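Opening the notebook on this one.

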Amino acid sequence: MNLSCDVLIVGGGIAGLSLASELASRGGPTVALVEAEPTLGYHTSSRSARQLNPSYGPPVVRRLTARTLGLLAGVQERTRLVLTTPRSYLLIGSEADVAARAAGSMRRVTHSEALRLCPQLLPDTFEAAGLDTTCVGTDTDALLEHHRAVAAASGAAILTGARVTAAERGGSRWRVRAGEQEIDAGVVVNAAGAWADRLAELCGAAPRNLVPYRRTAAVVRVGSQPVPGTPMVASADDSFYFRRDDAGVLISPCESVPSAAEDARPNPGDVEALIIRLNTLTTLGITGVLRSWTGLRTSPPSGIPIVGFDPDAEGFFWLAGQGGYGFQTSSAIAELAAAQLSGQEPGDTQAAAELAPAAASSGR
């Protein structure tokens with residue numbers, strides 16, 4: 001089977017799907033998306049904490065998050081879909097750690113206010129706190145499906161079970177083998193997540209030293225469940241977070257351990273060690289694990305996503321390295337990337353410059 005398109009997106013997570021949705025709905029370049037797994041959003045995008053934090057990340061990420069929240073608000077107004085709901089973010093820890101992490105829209109709150117916001121916290125286990133009330137929870141499944149539906153309705157071809165095994169540039173076009181499909185494309189977009197460097201090498205582009213990092217989470221059964229409206233609580237030293245979940249409480253040890261690109265699974269003991277710790281820091285009263293999982297957050301050395309045409313590989317476009325910022329920057333990055341792929345000036349030229357592959361190479 002043969003397929004021809006202007007833009008071939010490799011990767012069916014939130015990065016690839018949001019770009020497919022944005023590009024296809026513009027009515028410009030023809031779009032195809034291929035995903036190696038049998039389902040879309042199989043890896044990191046289905047293993048998210050489902051929280052969008054405008055105060056989380058470096059300045060350019062915070063700007064992109066604010067833009068994404070604005071774009072999602074517009075989608076919800078037009079479609080009546082419920083993609084986000086308000087959910088504050090409470091940062092706790094030592095005075096020094098909270099001061100170092102409290103940025104953007106986060107404001108400092110008193111010790112007593114933090115205890116009022118989350119009564120499950122024990123008073124003597126933290127010194128200081130910060131609160132961001134602009135954060136939202138997101139229905140990641142609904143958001144992924146929204147992007148898929150918009151892309152498909154606008155004519156994008158979406159193929160699953162189509163792992164890229166060969167790619168060759170001839171003249172001004174790519175010839176790509178994806179599953180059983182031969183695809184002729186003008187541009188290849190690398191939205192392959194943990195496999196992004198591997199795809200780059202397959203396409204003859206230099207890798208960007210992208211490293212997948214493990215991040216485990218679990219939903220646990222508790223004796224004292226936070227009430228609806230309780231903020232997500234995170235330690236300012238990045239050693240845990242927890243939030244209410246419909247079935248109990250979602251917890252994470254926030255580990256950031258380098259990994260191979262793989263279908264990651266929790267390491268024995270990681271969740272159990274966090275349960276012991278949280279049962280000494282809170283009155284949650286965790287009694288068991290309902291389910292657990294591990295995702296991979298892929299980052300370049302700069303910690304800033306890489307978005308743009310490769311300066312040394314014609315027709316190869318990077319959309320990778322989103323790390324833990326994938327969902328919260330997705331709509332803004334899709335908007336920025338779609339403009340470049342359509343030959344237009346990005347709305348946020350400063351962000352485009354900061355995320356460009358050339359900037360990543362120079363260490364800026």
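This is a predicted model: local features need pLDDT of at least 70, side-chain atom pairs count only at pLDDT 80 or more; totals for chains, interfaces and linings use all residues.

Started with a helix pair: V61, L64, T65, R67, T68, L71 and L72 in helix 2 meet F327, Q328, T329, S330, S331, A332, I333 and E335 in helix 8. Contact here means heavy atoms within 4.5 Å, and helices (H or I, at least four residues) and strands (E, at least two) are DSSP runs, numbered from the N terminus. I sorted the residues of that contact into 7 nonpolar, 6 polar and 2 charged. For the sorting, Ala, Val, Leu, Ile, Met, Phe, Trp, Tyr, Cys and Pro count as nonpolar, Asp, Glu, Lys and Arg as charged, and the others, Gly among them, as polar.

Residues are numbered from 1 along each chain as its sequence is written, and side-chain values use heavy atoms, with hydrogens and water left out.

Next, geometry. I looked up helix 2 (residues 59–79) against helix 8 and got an angle of about 85 degrees, with the axes 7 Å apart. That makes helix 2 roughly perpendicular to helix 8 (under 35 degrees is roughly parallel, over 145 roughly antiparallel, 65 to 115 roughly perpendicular, the rest oblique). Axes are lines fitted to C-alpha atoms, for helices over the stretch in contact, and angles run from 0 to 180 degrees between N-to-C directions.

Helix 8 (residues 326–341) also packs on helix 1 (residues 14–26), at about 45 degrees with axes 8 Å apart. Helix 1 and helix 8 are therefore oblique to each other. Helix 1 passes helix 8 in a right-handed crossing (left-handed if the near helix is turned anticlockwise from the far one by less than a right angle, right-handed if clockwise).

Helix 1 has another partner. Its axis comes within 8 Å of that of helix 5 (residues 140–153), and the two cross at roughly 35 degrees; this crossing is left-handed.

Which residues have the most contacts inside the largest nonpolar core? I found I9, L19, V189, V307, L319 and L341, in a core of 42 residues. A nonpolar core is a set of buried Ala, Val, Leu, Ile, Met, Phe, Trp, Tyr and Cys residues joined through side-chain atoms within 4.5 Å.

I followed L19, which lies in helix 1. L19 is buried, with a relative accessible area of 0% (buried is under 20%, exposed over 50%, partly exposed in between; 1.4 Å probe, protein chains only). Not counting residues up to four places away in sequence, L19 touches I9, V189, L319, A334, A337, A338 and L341.

Last, the backbone. Phi of R50 is near 60 degrees, a positive value in a residue other than glycine. R50 sits in the loop between strand 2 (31–34) and strand 3 (51–52) and is partly exposed at 24%. C254 also has a positive phi, about 55 degrees, in the loop between strand 16 (248–252) and strand 17 (257–258). C254 counts as buried, at 8% relative accessibility.
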